[in-house]
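Please find below my notes on the model, as numbered points. They go from a surface feature to the cores and then to some backbone details.

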Amino acid sequence: KVAIKGIERELICPACKELFTHPLILPCQHNVCHKCVKEILFAFEDSFADGGSESSNQSSPRIRISASSMDRIDRISRSGIKRNSLTPRSTLFPCPGCQRDIDLGERGINGLFRNFTLETIVERYRQAARAAIAIMCDFCKPPPQESTKSCMDCSASYCNECFKIHHPWGTLKAQHEYVGPTTNFRPKILMCPEHEMERVNMYCEICRRPVCHLCKLGGCHANHRVTTMSTAYKTLKEKLSKDIEYLISKESQVKAHITQLDLLLKETECNSERAKQEASQSFEKLYHVLEEKKSAALRAIETSKNIRLEKLQTQVEEYQGLLENNGLVGYAQEVLKETDPSCFVQTAKQLHVRIQKATESLKTFRPAAETTFEDFVVDTAKQEDILGDLSFHSTGLEIPEINEEQSRMYNKALISWECPGKTDSADIYVLEYHKLNRDEEKVTWQKIEVCGKSKIVSDLDDDSSYAFRVRGYKGSICSPWSREVTLCTPPAPVFSFLFDDKCGYNNEHLQLNPRRTSVESRAGFPLLLGSERLQVGCYTTLDYIIGDTGIAKGKHFWAFRVEAYSYLVKVGVVPSNKIQKLFHSTHDVTSPRYEQDSGHDSGSEDAFFDSSQPCTLVTLGMKKLFIPTTPAAPKDPASRILPLPSCLGICLDCDRGRVGFYDAGCMKCLYECEVDCSGIMYPAFALMGGAAVHLEEAVMAKYREYNDSI
């Protein structure tokens, strides 16, 4: 028989840290007091309403919601989860036992069972703890008598006299069930929380909870596998009995493990003391070095001060000697009283030199020593950074590496990293970043703690460069910093748009994906029909598509990727007043200088062709980028051909009338020209042959970042 005193740990509510009071069974099979569940749900709903958790548990001194639970409450409330009114409302409950967010379903707390078995055990424990405290009769006039029995039907305790009065023979109350004095009254029949008039008579093996026949017929357990309550009782009791017998049979092994754990506890204590001593010695060495440096610096300042004071004091005495009847002037006045020429000349010559020096010093007064001690300022910025990084370094903790291929910079920065050994040995990571600024003397790193291996960083300045680094932490042990990675932000705010599937869109030649973020030109039968004029010219029609949103003012940037297999793609901008001309132009294609009848390759037609176009476009294709022919462009054709970047960007400045084409990977400008921004400007694309363009998707915080534990 297990002693009651040995099971206190199993009878403590994980929320209030006290003995259970009317415990409820959560879907995760943990038990929580009924009052604690209500208070946690109140704090949870209050965080949604107020947008924070500052007052979520202020009103209840009894409940102790853990920091991790409050973090999950704040995280879910910040994630902006909206419940659709057309869908069933569900209640999320942060379980203090398993630290997970549990879905309580539509009925919420009303759908939970009371754990009457646990209640009975808690009551037995309480009775054993307060054996000397009697349970008094609920019906005696003051002073109440000690009760002798409790009625389970009336949920009250009685002394012998009161029990006879309230349960007379020959009445229905005489048939009530009574037990010894107790404060734990449980119902005789367990009723279904969803169908309050039905008793539970089956057990759902999927949900692992008792259900009634209505739950099975048309409720949420209709398609679940159920068994009778008696079968479930027998099966579970046999399993539990076998498991208990197994544990009891292994009592010697358990005791051996306990002995081993006791030794480990003592060893941990000894090792921790040794580690403290070693850490103290290390810091004592640093203190000693700092004290020596401090003493040396103070001595140097004191020595310099004494030398300067001596020089200034000497200068003061010299100038005091220039006063009348004092010092040098007084001595000179006495010399002037000499009447013998020979004696006067002998003394006055040297005196006159001194008087001249004093006169010159008056004309160009300069202190004999500086009063500032700027040369003695101690620069400790680097040492402060080093001391700030001072921690327990471990060779067993791998150094994370920032994955530059998975990291990208667009409207926000997405930084991803991984460990070389592909093992997640760190409990938490710290990501630091700072803006690269040559004018700053001291670098200030911004710090973010991350539980995963990626993080989205917002609120970065446009047209700037940022350095990123990361390190892992496991308890108080940390890894060295990773190699710094520099990423550049776009030159202007990111402009979001989709491909327009209405204005001039040719669905016979072009194909959009359902989200309208990718367009593809297929080199099929329609292209062959349109190429019949190849024998008399080289005018092959381009298929144009524009963005569904225009730009009227300001500076904006957007990026896209062109598939490597693309034969010909043109990208740029078009004003609203020239869109119709763009889609109805008959010679909006490649240069006519390659026409068989032109007879030369001077390139003069290019200048005419470029100036006649309704929009500003740059040509891409065959993994190359072609700089347009302009007076400022290089005359050598080879220097106008650049490798096609993996991601290309366009920056439109309507205020300055300029458009630039960028390598979006490093935000380097490849080509810039003037553009007429008198109308509303739209992103424009043209494709011919096999080609595809994919708009760069904005960096957004994914749902899993806020609900990774749900």
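**Notes on the predicted model**

1. Helix α7 (residues 251-320) contributes the most to the nonpolar patch, with 4 residues. Helices here are DSSP runs of H or I with at least four residues, strands are runs of E with at least two, and both are numbered from the N terminus. The patch lies on the surface and consists of F283, L286, Y287, L290, L387 and L390, which together have about 570 Å² of accessible area. Patch members have over 30% relative accessible area and no salt bridge; nonpolar side chains (Val, Leu, Ile, Met, Phe, Trp, Tyr) are joined within 5 Å, like charges within 9 Å. A salt bridge is a side-chain nitrogen of Lys or Arg within 4 Å of a carboxyl oxygen of Asp or Glu.

2. The model is predicted: local features need pLDDT of at least 70, side-chain atom pairs count only at pLDDT 80 or more, and totals for chains, interfaces and linings use all residues. Residues are numbered from 1 along each chain as its sequence is written, and side-chain values use heavy atoms, with hydrogens and water left out.

3. L390 counts as partly exposed because its relative accessibility is 45%; buried means under 20% relative accessible area, exposed over 50%, and partly exposed in between (1.4 Å probe, protein chains only).

4. The UniProt annotation "coiled-coil region", from an unreviewed entry, covers residues 258-285. Such annotations may be inferred rather than shown by experiment, and their positions follow the numbering used here, with feature names shortened. In the model, residues 258-285 are 100% helix and 0% strand, and their end C-alpha atoms are 40 Å apart.

5. Overall, the protein has 14 helices and 34 strands. Of its 710 residues, 35% count as buried. The accessible surface is about 44700 Å², with 54% belonging to carbon and sulfur atoms; areas come from the Shrake-Rupley method with a 1.4 Å probe, and for residues only the protein chains shown count as cover. Among contacts (heavy atoms within 4.5 Å) with a separation of 6 or more, 62% are between residues 24 or more positions apart.

6. Which residues touch the most other members of the largest nonpolar core? They are W558, F560, L620, L652 and F685, in a core of 46 residues. Strand β25 (residues 555-562) supplies the largest share of this core, 5 residues. A nonpolar core is a set of buried Ala, Val, Leu, Ile, Met, Phe, Trp, Tyr and Cys residues joined through side-chain atoms within 4.5 Å. Beyond neighbours within four places in sequence, the contacts of F560 include L620, I650, F685 and V693. Another core, of 23 residues, lies apart from it, with C13, C16, V37 and L118 among its members.

7. In helix α8 (residues 327-335), the residues L328, V329, G330, A332 and V335 are buried. The cover over the buried residues of α8 includes α9 (341-363).

8. Some backbone details deserve a look. P142 and P143 are joined by a cis peptide bond, with omega about -5 degrees; P143 lies in the loop between α3 (116-129) and β6 (149-151). Q29, not a glycine, has a positive phi of about 75 degrees and lies in the loop between β1 (23-25) and β2 (31-33). M667, also a residue other than glycine, has a positive phi near 55 degrees and is placed in the loop between β31 (658-663) and β32 (668-674). Q29 is partly exposed at 33% relative accessibility, whereas M667 is buried at 12%.
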